[in-house]
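This report describes a two-chain model, one topic per heading. Please look at the sequence and the structure first.

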Amino acid sequence: MGKGMFSESQLERMEREYQDWLGEYQKALQRLPERLERFSTVSDMEVKSLYTPLDIKEKDYFEDLGFPGQYPFTRGVQPTMYRARLWTMRMFAGLGTAEDTNKRFHYLIEHGETGLSTAFDFPTLMGYDTDAPVARGECGKCGVAIDTIDDMRRLFAGINLEEVTTSMTINPPASVIWAMYIANAENEGYDRKKLGGTIQNDCLKEFIAQKTLMLPPEPSLRLVVDTVEFGTYEVPRWNTISISGYHIREAGATAVQELAFTIYDGITYVEECIKRGLKVDDFAGRLSFFWNSHIDFFEEIAKMRAARRMWARIMKERFKAQKPRSMLCRFHTQTAGCSLTAQEPYNNIIRTTTEALAAVLGGTQSLHTNSLDEVYMIPSEEAVRIALRTQQILADETGVANVIDPLAGSYFVEALTDKMEEEAMAYIRKLDELGGMVAAIEKDYPQMEIADAAYQFQQQVERGEKIIIGVNKFPSERPELEFVLRIDDELENFQIERTRQFKEKRDKVKLQKAMDELRRRCEGPPCWENNVMPALIDAVRAGATEQECCDLYREVFGTYTDPGTF
Amino acid sequence: MSEERKLRILIAKPGLDGHDRGARVIARAFRDAGFEVIYTGCHQTPEQIVNTAIQEDVDLIGLSILSGAHRYSFPRVMELLKENNAEDIAVIGGGIFPLEDIPKLKAIGIKEIFEPGAKLEDIVNWVRTHIKPRKAMVA
């Protein structure tokens, strides 16, 4: 007997009887034809009418699936999964001032949220203070405005930072914002060794998709490695990168592209850390991932299962990791913002529920569920409560969290999981050939692959080949929802004035000394002695604003602007 | 009599928002429709957008935004066009806007606002109907 879960004789009989069945199916179609010319996933991957053991006859349970918590981790990263602890319910939140967002954090915690996730406004994301000329009109609109360590203190007031884990979606300025978080936590009496959380800190996907651009790729990677190195020694419970497919997918990528480009970004970070002299088993356990859960239910589950298996194999085979922990694709999931519709917004609850269910069946470690009004704006309290309750209903009422990886062994899900891995690995080989992700980005390769997929999807929608209810089928007008949140345009002046007053009170000598040290480290060759993090912590504690630190980066490292290709 | 030149369109992303999926899709749709398209890329100030529009001698600017900062950037683009005697460059917008903002944007001279769900074909047809090459008039 070779490998596989079925005997030769079973497979022979299956082959015969499957052909017989196929004949009957074709006959039946003569009476009533298939309702579509072609059946495919939202990513346009074609699917057959029926899957059988024949589709997974090459699979070996022990090699390809394994038990939960065991290599290759297809069935889950922990042995117990949701039997012992549910996923972390982590709603992405940020609006207006630090106080407004703090109020939202407390509201979410009171309603049963179990982890925090911070959305920053665009100036903060791009390394600008609220008073920067380019920041006009943006303050607090798509997240919270954080200029100084004082804002950071207000943001987390009344929250126990050793008990709650905090995720922060911040990329080029990640080191600066993390320094503010650590400095503030220490000012409040917490121990940095006990702080748990995540900074997104995934600069590569910014060039590929999210376009929060500040520095060129090479120095961006240097700063990422600085944070990984600092975390490894100083903040051991922190996830120093959240390698993100979410934004790649939202930009229009297929599920396979999301999987492949994200995993390749991960490969690049691991390579860069090893080049710095870090040992793979010392840092890889703190790398985490972030997936999109789009509307095509089985495709998403397959993608998440494939991601675990791919990452485990890559860490073991390509990087020779020894510790199982280093091989784990632990991940956060967010339901797909781009699947929501402005038309008939209450339908978004159903979309989000389906996507959240896929994330749970895909074995996510934490989850954000989009609110029905998130298609217009930052969500209102009423809408965000429904979104959080969606997770709680899935967790406590439906029974879906009672059995680990319940879809394993489904001929379709296993075959689709294999297909995801196979097609993503083809992209990975292509990226290797192109000379790695930085070279590929410079060639505009992943960017244009995504643009092609986005354009193709839009054309399929226009031709009616992909259906969006309320948009191209049963089209409907967009209503004005009564509970859409408004961010006051006046907040900007308030925040500018507050930061101005903060700056006046700083000890100029102490600040200058800290900034000089930061500059010295940035200008020096990358190594532990020149790691920016200790200098940044001193600088922000001495009152350096986010933009002051980022301006220094821009001066030393240069800037990067969007090439604007389409 | 000279032949009418192709319509020249600038697709621009004002502000710090990086959501460029819509901008890049519409840029391709305009190109496929036979227009000449220039795309600014993300993170443009109103000043940069108007400068590019004038330098590139475009007939139409399409502003794409998702962040809510249109309340500053859209009026500023209109102001700058006026200051530079380039009011004959038409401006349209695409993205997410509170419903109450749409009449205000039209009142300052934005010719049309396309919301989520707008069909590419409809946008292209709107442009064909409403926008004519400026050169034809000047020459």
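## Chain B as a whole

Of the 139 residues in chain B, 47% are buried. A residue counts as buried if 20 or more other C-beta atoms lie within 10 Å of its own, as exposed if 12 or fewer do, and as partly exposed in between, with C-beta atoms placed from the backbone. The model is a predicted one: local features need pLDDT of at least 70, side-chain atom pairs count only at pLDDT 80 or more, and totals for chains, interfaces and linings use all residues. Residues are numbered from 1 along each chain as its sequence is written, while chains are lettered from A and ligands numbered from 1 in the order in which they are written.

Chain B contains 6 helices and 5 strands, in the order β-α-β-α-β-α-β-α-β-α-α from the N terminus on. Helices (H or I, at least four residues) and strands (E, at least two) are DSSP runs, numbered from the N terminus. Along the principal axes, the C-alpha atoms of chain B fill a box of roughly 45 × 35 × 25 Å. The radius of gyration of chain B is 14 Å, which agrees with the value near 14 Å for a compact globule of 139 residues; this radius is taken over C-alpha atoms, and the globule rule is 2.2 Å times the number of residues to the power 0.38. Among contacts in chain B with a separation of 6 or more, 72% join residues 24 or more positions apart. Two residues are in contact if their C-beta atoms, placed from the backbone, lie within 7 Å.

In UniProt, an unreviewed entry carries the annotation "domain: B12-binding" for residues 6-134 of chain B. UniProt positions are given in the numbering used here, feature names are shortened, and annotations may be inferred rather than shown by experiment. Residues 6-134 of chain B are 43% helix and 19% strand, with end C-alpha atoms 10 Å apart.

## The loop between β2 and α2 of chain B

Thr40(B) sits in the loop between β2 and α2 of chain B. Thr40(B) counts as buried, with 25 C-beta neighbours inside 10 Å. Leaving out residues up to four places away in sequence, Thr40(B) touches Leu10(B), Ile11(B), Ala12(B), Lys13(B), Ile49(B) and Thr52(B), as well as Gly564(A). Thr40(B) and Lys13(B) are 27 residues apart in sequence, and their C-alpha atoms are 6.8 Å apart in space.

His43(B) lies in the loop between β2 (36-39) and α2 (46-55) of chain B. His43(B) is not a glycine, yet has a positive phi of about 70°. His43(B) is buried, with 22 other C-beta atoms within 10 Å.

## Contact between the chains

The contact between the chains involves 35 residues of chain A and 31 residues of chain B. On the chain A side, α4 (122-125) and α17 (445-462) are the elements that give two or more residues. The most come from α17(A), with 5 residues.

By class, the side of chain A that touches chain B has 17 nonpolar, 9 polar and 9 charged residues. Here Ala, Val, Leu, Ile, Met, Phe, Trp, Tyr, Cys and Pro count as nonpolar, Asp, Glu, Lys and Arg as charged, and the others, Gly among them, as polar.

## Domains of chain A

The domain assignment divides chain A into domain 1 (8-62), domain 2 (66-462) and domain 3 (491-557); such bounds come from an automatic or database domain assignment. The C-alpha centres of domain 2 and domain 3 of chain A are 27 Å apart. Their contact takes 37 residues from domain 2 of chain A and 24 residues from domain 3 of chain A. On the domain 2 side, the elements that give two or more residues are α5 (149-155), α6 (174-187) and α8 (217-234) of chain A. The largest share, 8 residues, comes from α8(A).

For chain A, UniProt lists residues 41-558 as "domain: Methylmalonyl-CoA mutase alpha/beta chain catalytic" in an unreviewed entry. Residues 41-558 of chain A are 48% helix and 8% strand, and the end C-alpha atoms lie 42 Å apart.

## Local features of chain A

Helix α12 (residues 297-318) of chain A has 22 residues and should span 32 Å at 1.5 Å a residue; its end C-alpha atoms are 31 Å apart, which agrees. The expected span is 1.5 Å times one less than the number of residues. Because 16 of its 22 residues are buried, α12(A) is largely enclosed by the rest of the structure. Just after α12(A), Lys320(A) has a positive phi of about 55°.

Asp44(A), in the loop between α1 (8-31) and α2 of chain A, has a positive phi near 70°. Asp44(A) is partly exposed, with 17 other C-beta atoms within 10 Å. The peptide bond from Tyr71(A) to Pro72(A) is cis, with omega near 0°, and Pro72(A) lies in the loop between α2 (61-65) and β1 (88-93) of chain A.
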